[in-house]
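Subject: Structure handover

Hello,

Here is the structure I promised to pass on. Please have it open while you read the notes below it.

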Amino acid sequence: MNLRDLLYVIAVAEHRNFTRASQVVAVSQPALSNQIKKLEAELGMAIFERGRNEVRLTDFGAELVVKAQEVSAMVDGIRDLAHKHRAVEDLPLRLGMTPTLAAYLSRYFNDLFAAAFPNVRMVIVEEYPIPLARMVEDKSIDMAFIARKSFDTIYEGSRQPMDFASLWLEPLYLGVRIGHPLARKKSIWAHEVPANILIRFDTSFGYDLEAKLPEASAATSDVTGIDVRSARFETVCRHVAQSDACTMINAVAAEQFKRDGFGLEFIPFDDEGNMRELGVLTRPEYPRPEVIKVMRDHILKAPPIGTVASRTTKNVLRPAPLTVQDTV
C-alpha cells in the first residue's frame with residue numbers, strides 16, 4: 001500500500017466512476033482499476049461494489065476513504081510546511097486568471113511583485129473559473145483571481161472550505177465598434193441591448209446584470225459571424241471592433257483596449273448588478289499568507305485602472321462613462 005493507491009481510492013469514491021477518476025489522477029482507466037484490485041487483494045477486503053452504471057463504497061471502503069483522506073491531508077501538511085520554510089523567491093508564484101483578466105494584468109502584477117518581492121518569478125495561468133478552482137485545490141497554482149459570484153456558485157454547499165479575499169470592484173460595459181449606432185448612447189439598460197447582435201459566453205463573467213441581458217440565441221453566430229463556442233474573449237472583442245455585433249467587456253480589459261487603440265467604445269449599463277467583486281481564491285492552509293497581505297495592501301492604494309479597491313463586500317457603486325476619448 002502506498003499514497004498513490006490511497007489517492008486512487010479517494011478519486012473513485014468522489015466520482016463513483018473509474019473512467020472519470022482515472023482522468024482526475026492522470027492514469028489510464030485499466031491501470032487505475034488494476035491498482036485498486038491489487039489493494040483490495042492486499043487488504044483482503046472489497047473497497048467498492050462495481051455495478052454496470054455505478055460504483056459504490058462498501059462499508060469497509062467508506063471507512064477506508066476517511067482514513068485515506070486523513071493521510072492525504074497529513075502529506076499535504078508536510079509539503080506546505082516545507083513550502084512555508086522556503087524563501088518566497090525559491091519557487092515561481094503561479095497566478096490563475098480568467099480570460100477577462102489574464103491578458104490585461106500581467107504588467108500590473110509584475111510591477112506589484114517586483115516592488116514587494118524583487119526576485120519572485122511570476123507565472124500566469126489562463127483558464128475559466130471552475131478549472132482554476134480545481135487547480136488551487138490540487139496545488140498546481142498558488143491562487144486564482146475569480147469573481148465572488150463564481151466562487152459562491154462553485155462552492156455552494158461544498159464541505160471543502162476555501163478562502164476568498166476580496167480585492168476590487170469592477171464595472172461591466174457593452175462594447176461596440178467606434179461609430180456603431182449604439183455608441184451614441186451615453187448609457188444603456190440591459191433590456192435595450194439587441195438580442196440578435198449580442199455575443200454572450202457560456203461561462204459567466206460574475207455579474208448579477210448578466211441575468212437581465214437577452215439570452216444567447218442559436219442563430220447569433222449566423223447573424224454576428226462568429227461562433228463564440230470556439231472563440232476566446234479577446235478574439236470576440238476583436239471581431240466586435242470590426243462588425244456590428246456587441247458584447248460584454250469588463251473594465252480591466254476595456255482600459256487596456258483603450259490604450260491599445262482597439263477600435264471599441266464602451267457603454268456603461270444603467271441597471272443594478274453592473275459591478276462584480278473580484279478576489280483571490282486560495283486554500284485555507286496556503287503557506288504564504290504574507291503574499292496575499294502585500295497584494296491586498298497594494299490594491300487598496302492603487303487598484304487596477306478602471307476598478308475600485310474593495311474594502312468590504314457590501315460596496316454598491318456605479319461606473320462612470322468610459323469612452324475612447326477618456327485619458328488613462
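Start with helix α11: its face turned away from the buried side carries the exposed residues Pro 289, Lys 293 and Lys 301. Exposed means over 50% relative accessible area, buried means under 20%, and partly exposed lies in between, with a 1.4 Å probe and protein chains only. Helices (H or I, at least four residues) and strands (E, at least two) are DSSP runs, numbered from the N terminus.

Before going on, note that this is a predicted model: local features need pLDDT of at least 70, side-chain atom pairs count only at pLDDT 80 or more, and totals for chains, interfaces and linings use all residues. Residues are numbered from 1 along each chain as its sequence is written, and side-chain values use heavy atoms, with hydrogens and water left out.

Back to α11. Its buried residues include Val 291, Ile 292, Met 295 and Ile 299. They sit on the same side of α11 because they cover an arc of only 95 degrees around the axis, the arc being that of the directions from the helix axis to the C-beta atoms. An α-helix has 3.6 residues a turn, so residues three or four places apart point the same way. The buried residues of α11 pack against β3 (93–97), α5 (106–116), β5 (143–147), β6, β10 (275–282) and β11 (308–309).

The next item is His 180, in the loop between β6 (163–177) and β7 (198–199). Is His 180 buried or exposed? His 180 counts as buried because its relative accessibility is 5%. Leaving aside residues up to four places away in sequence, His 180 touches Ile 197, Ser 243, Asp 244 and Ala 245; contact means heavy atoms within 4.5 Å. A polar atom of the His 180 side chain also lies 3.0 Å from the backbone nitrogen of Leu 182.

For Lys 139 it is about 70 degrees, in the loop between α6 (129–137) and β5. Arg 16, at 36% relative accessibility, counts as partly exposed, and so does Lys 139, at 28%.

Finally, the totals. The protein has 11 helices and 11 strands, and 47% of its 328 residues count as buried. Among contacts between residues at least 6 apart in sequence, 74% join residues at least 24 apart.

Regards

Notes
Polar contact = N/O pair within 3.5 Å; in protein donor to acceptor, adjacent residues only side chain to side chain.
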